[in-house]
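Please open the model in your viewer and keep the selection panel at hand. The stops below are meant to be followed in order.

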Amino acid sequence: MITIVNYENSNSHEVAESIKQLTEDYLIADNEIDICRADKIIFPGKGDAVSAMKKLHLLNLFTVLRIIKKPMIGIGLGMQLMADYSMEGNISCLGIFPGTAVKFENGVAETINEGMRPVKFKRESILFNGIDEEAKFYFNHSYFLPLGQFTTTSSKNKTEFTASIEKNSSFGVQFHPERSGEAGLKLLKNFIEL
């Protein structure tokens, strides 16, 4: 069973439309019980970090997402919320990945990175099995995780940043696979088939 976490601004229904093309064995959930019963967890996100973290606390999902040991993938803001901290509102996040989400700086890079962009492979990841090195993915964000020891791919908006990350059975992608065509669908399939 794939559980897609639903909370304020999570774009869970959009992700579910992509998952539906791969399996019928999924549900959208906003409670601890369904998350604990899951075989794998998809943690999507869009919008701002402060509102998202407040909603996770209100739904009592903060602790379960921090401690659960099942494969989980964060998408977009979801990946940033899996890090230690976000400079967006200066808030502590789930602490699954080391690092702090920071904003693209004015004058150094465009403050919003939006559109189809290529990624550069940094180290091997099962998520990218069968995906061409020339593949492009859809990004839409103004905060990012800097490169780190768990970065698996990077992308660039003048500043090079973490496009995907992997630590143990936890994964994150800054881009939106549900909006990235065949490459995005393949990445979701790889996660489902872990």
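This is a predicted model: local features need pLDDT of at least 70, side-chain atom pairs count only at pLDDT 80 or more; totals for chains, interfaces and linings use all residues.

Because its relative accessible area is 0%, Thr 162 counts as buried.

Next, select residues 181–192, which form helix H6. This helix has 12 residues and reaches 17 Å from its first C-alpha to its last, close to the 16 Å expected at 1.5 Å a residue. Colour its buried residues, which are Ala 183, Gly 184, Leu 185, Leu 187, Leu 188, Asn 190, Phe 191 and Ile 192. What covers them includes helix H1 (12–20) together with several strands, among them E1 (2–5), E3 (40–43) and E14 (170–173).

Now turn to the largest nonpolar core, which has 30 residues, and select the ones with the most contacts inside it: Val 5, Ile 35, Phe 43, Leu 56, Leu 65 and Leu 81. The elements that give two or more residues to this core are strand E3, helices H3 (49–58), H4 (62–67) and H5 (77–81), and strand E7 (97–103). Of these, H3 gives the most, with 4 residues.

Stay with Val 5 for a moment: setting aside neighbours within four places in sequence, Val 5 is in contact with Ser 10, Ser 12, Ala 29, Ile 35, Ile 41, Ile 42, Phe 43, Pro 44, Leu 61 and Leu 65. A second, separate core of 28 residues can then be selected, which includes Ile 42, Ile 75, Ile 131 and Phe 161.

For the last stop, show the strands as a cartoon and find the open sheet of 4 strands, whose order is E6-E5-E7-E11 and whose pairing is mixed. Which strands lie at its edges? They are E6 (91–92) and E11 (143–144), each of which pairs on one side only. Within the sheet, select E5 (residues 83–86) and E7, which pair in the parallel sense over 3 bridges. Finally, centre on Ala 83, which stands opposite Phe 97 in E7.

Note on methods: Residues are numbered from 1 along each chain as its sequence is written. Side-chain values use heavy atoms; hydrogens and water are left out. Buried means under 20% relative accessible area, exposed over 50%, partly exposed in between (1.4 Å probe, protein chains only). The expected span of a helix is 1.5 Å times one less than its number of residues. Contact means heavy atoms within 4.5 Å. A nonpolar core is a set of buried Ala, Val, Leu, Ile, Met, Phe, Trp, Tyr and Cys residues joined through side-chain atoms within 4.5 Å. Two strands pair if DSSP finds at least two bridges between them.
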